[in-house]
Amino acid sequence: MSANGTTAAPILRLSGINTYYGQIHILQDVNIEVGAGELVSLLGGNASGKSTTLKTILGIVKPRTGTVEFAGDEVTDKRTSYRIGQGMAIVPENRRLFGPMSVLENLEMGAYLNKDGKARTEDFDRVYELFPLLHERRAQLAGTLSGGEQQMVAMGRALMSRPRLLLMDEPSMGLAPILVERSFEIIKQVHDAGVAMLVVEQNANMALSIADRGYVLSTGRIVLEGKAADLLQNEDLRKAYLGR
Ligand SMILES: Nc1ncnc2c1ncn2[C@@H]1O[C@H](COP(=O)(O)OP(=O)(O)OP(=O)(O)O)[C@@H](O)[C@H]1O
Ligand SMILES: [Mg+2]
């Protein structure tokens, strides 16, 4: 067992990450691990560096120092397309669907690396089994779906590539409370199916209620980390993020 309580070899490991935008030092000595099959939440307020962390993991921004390892492979200098080919997938901030395209076409965009017709059919079946509503609505234009439905399309699209690690950027953003709950039920369901996840959230209570472990970012530094159950009891976290 490693120091932070994970057992299996991690699927993702960020070590000593420092990321800059120009001269501005954003991520400062960030270390994060996600174990195989683990659900980890990354918490923090606006501008704390959550999305920058996901961009660093995906290779959209390059850290000045530090390493990104994915499934035992150092990918720090590899392109985003390579990392996606190796099994990373993302549900981006604000979902970013192709609004004028149908649900089916949006899901197809998630399968573009997967050439085999039979495998593709299986992927559709798996996603439709998880989200029966997407099958019903497969011909509807994505831009006309409700926020919660769009969240399902965004997750379904990410799952089409059979990711080994699913990155999610603020899945609860812009959703009514009932849909936030539904959204987290779905995240839990995907996690229960064996997919490792790193879920970025400002809704700390909800995120920690389904996570195995969590990290808290504050102005680019990890200021708190631990088991989700322990973080939920942490006084500093409760004051800062849980409104109690
Ligand atoms: N391309 C960029 N160029 C310059 N600064 C940037 C760029 N992208 C982000 N930043 C800055 O980096 C800091 C961290 O941004 P980031 O998007 O990672 O925060 P966040 O925690 O995801 O915030 P939010 O909760 O609002 O999404 C912010 O101060 C932001 O203005
Ligand atoms: Mg963000």
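**Notebook: overall fold and one helix pair**

I began with the secondary structure and counted ten helices and ten strands in the protein chain. I noted at the outset that this is a predicted model.

I then looked up the overall dimensions. The radius of gyration of the protein chain is 18 Å, close to the 18 Å that the globule rule gives for 244 residues, so I recorded the chain as being as compact as a globular protein of that length. Along its principal axes, I found that the C-alpha trace spans about 45 × 40 × 40 Å.

Next I checked burial: 43% of the 244 residues of the protein chain count as buried. I also examined contacts between residues at least 6 apart in sequence, and 67% of these join residues at least 24 apart.

I turned to one pair of helices. How do the axes of helix 6 and helix 7 cross? I found that helix 6 (residues 147–159) and helix 7 (residues 177–192) have axes that come within 10 Å and cross at roughly 15°. The crossing of helix 6 past helix 7 is right-handed.

Which residues make the contact? On helix 6, I listed Gly147, Gly148, Gln151, Met152, Met155 and Leu159. On helix 7, I listed Leu179, Arg182, Ser183, Ile186 and Val190.

How values were computed. Residues are numbered from 1 along each chain as its sequence is written. Chains are lettered from A and ligands numbered from 1 in the order in which they are written. This is a predicted model: local features need pLDDT of at least 70, side-chain atom pairs count only at pLDDT 80 or more; totals for chains, interfaces and linings use all residues. Axes are lines fitted to C-alpha atoms, for helices over the stretch in contact, and angles run from 0 to 180 degrees between N-to-C directions. Helices (H or I, at least four residues) and strands (E, at least two) are DSSP runs, numbered from the N terminus. A crossing is left-handed if the near helix is turned anticlockwise from the far one by less than a right angle, and right-handed if clockwise. Two residues are in contact if their C-beta atoms, placed from the backbone, lie within 7 Å. The radius of gyration is taken over C-alpha atoms; the globule rule is 2.2 Å times the number of residues to the power 0.38. A residue is buried if 20 or more other C-beta atoms lie within 10 Å of its own, exposed if 12 or fewer, and partly exposed in between; C-beta atoms are placed from the backbone.
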